[in-house]
Amino acid sequence: MEMGKKRMAVLVGCNYPDTQNELHGCINDVLAMKEVLVKRFGFDASHVQLLTDAPGSVVLPTGANIKRALGHMIDQAEAGDVLFFHYSGHGTWIPSNKPGHAFRQDEAIVPCDFNLITDVDFRQLVNRLPKGASLTILSDSCHSGGLIDKEKEQIGPNATITANNTTVHSPNPKSIPFESILQHLTSLTNINTSDVGTHLLEFFGSDASLKYRLPPLEWDLFDSLKPDEGILLSGCQANETSADMSPNEGGGKAYGAFSNAVQMVLKQHSGQLSNKQLVTMASEVLQAQGFEQQHPCLYCSDQNAIATFLWQPEF
């Protein structure tokens, strides 16, 4: 891919304040990323959109607002553009309704209004990319491995990094169990069903995930385009949790463990890093810090695995 012309980003931090699902470091994660994007990767601050649930936020990170921001970014893109989405917040596992996937689970992120954004939605966004543009997704959330449906695994359950450590953290996991998602949605719809799609369609209508608005047989429309330009750096494997560290646990500001590891790697290495190098080094940082149950993953084409992260310009 030629070096990017426009560089655009959507950064979403969900702390879920004053709820039983409250996190502490997610907004800090995306604020730190915005600074790095502008100072290191050549992003114009006016092309970086922040969506957070901080007190006083005008535009909240609801499912509809996040998808609208991502769709607008993709609609503006042209060949050679570099697009970036950083999400720090809760993730969840949901029962799969894909043909042939009985008893399996799929990945989703949990916006502040619980209007889930699923792996099918991210696949559809990647397929909308104009030829020659790229979309890099950094998801610091639980169950985030495989968040772009049908994207090729480069670093994942079959290729993890292990190390011997003496320190093991017990952090706050960035996960909301499916049962809690279902309970919350039931309180919104007053419908007695365990089918999450019924609740999402009833309450959010056309803003609900494509996973529930389209018949499963039509999902073939969203098969991966080979090779495509979707790149996913996930904070953990699909069956794992990602950590949120509170100030009293780590000292100083709260942070997401994976987002913080990426920041540490970028500070230690000022030159260009490939996507694979960045994920590998971030994994090593997490292991050294004692996050033994969290293994970051990389999903993308073979070519993009060795491509420079965010196509960092040479200075």
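In the predicted model, helix α4, spanning residues 178–189, packs against helix α5, spanning residues 196–204, at an angle of about 40°, and the two axes lie 10 Å apart. Because of this angle, α4 is oblique to α5, and the crossing of the pair is left-handed. On the α4 side the contact is formed by F178, L182, L185, T186, L188 and T189, while α5 contributes V196, H199, L200, E202, F203 and F204. By residue class, this contact of α4 with α5 comprises 8 nonpolar, 3 polar and 1 charged.

A further helix pair is formed by α8 (residues 257–268) and α9 (residues 275–288), which pack at an angle of about 115° with their axes 9 Å apart. The two helices are therefore roughly perpendicular to one another, given that angles from 65 to 115 degrees are counted in this class. The crossing in which α8 passes α9 is right-handed. Residues A257, F258, A261, V262, M264, V265 and L266 of α8 meet L278, M281, A282, V285 and L286 of α9 in this contact. The contact of α8 with α9 consists of 12 nonpolar residues, with no polar and no charged ones.

The strands include an open sheet of 7 members, ordered β2-β1-β3-β7-β10-β13-β8 and mixed in its pairing. From one strand to the next, the twist averages 15°. Strands of a sheet pair through backbone hydrogen bonds, in either a parallel or an antiparallel sense. Within this sheet, strand β10 (residues 230–234) and strand β13 (residues 297–299) run antiparallel and are joined by 3 bridges, with S234 standing opposite C297 of β13. Helix α2, covering residues 63–76, lies across β1 (7–13), β2, β3 (82–88) and β7 (134–140), and its direction is at about 175° to that of β1. With angles over 145 degrees counted as roughly antiparallel, the angle of about 175° places α2 in that class relative to β1.

Antiparallel pairing also links β4, β5 and β6. Strand β4 (residues 91–95) pairs with β5 in the antiparallel sense over 5 bridges, and P95 stands opposite Q105 in β5. Strand β5 in turn pairs with strand β6 (residues 117–118), again in the antiparallel sense but over 2 bridges, where A108 is found opposite T118 of β6. Strand β5 itself, which runs over residues 105–109, is mostly covered, in that 4 of its 5 residues are buried, burial being taken as a relative accessible area under 20%.

Although A32 and Q263 are separated by 231 residues in sequence, their C-alpha atoms are 8.1 Å apart in space.

Notes. Residues are numbered from 1 along each chain as its sequence is written. This is a predicted model: local features need pLDDT of at least 70, side-chain atom pairs count only at pLDDT 80 or more; totals for chains, interfaces and linings use all residues. Side-chain values use heavy atoms; hydrogens and water are left out. Axes are lines fitted to C-alpha atoms, for helices over the stretch in contact, and angles run from 0 to 180 degrees between N-to-C directions. Angles under 35 degrees count as roughly parallel, over 145 as roughly antiparallel, 65 to 115 as roughly perpendicular and the rest as oblique. A crossing is left-handed if the near helix is turned anticlockwise from the far one by less than a right angle, and right-handed if clockwise. Contact means heavy atoms within 4.5 Å. Ala, Val, Leu, Ile, Met, Phe, Trp, Tyr, Cys and Pro count as nonpolar, Asp, Glu, Lys and Arg as charged, and the others, Gly among them, as polar. Two strands pair if DSSP finds at least two bridges between them. Buried means under 20% relative accessible area, exposed over 50%, partly exposed in between (1.4 Å probe, protein chains only).
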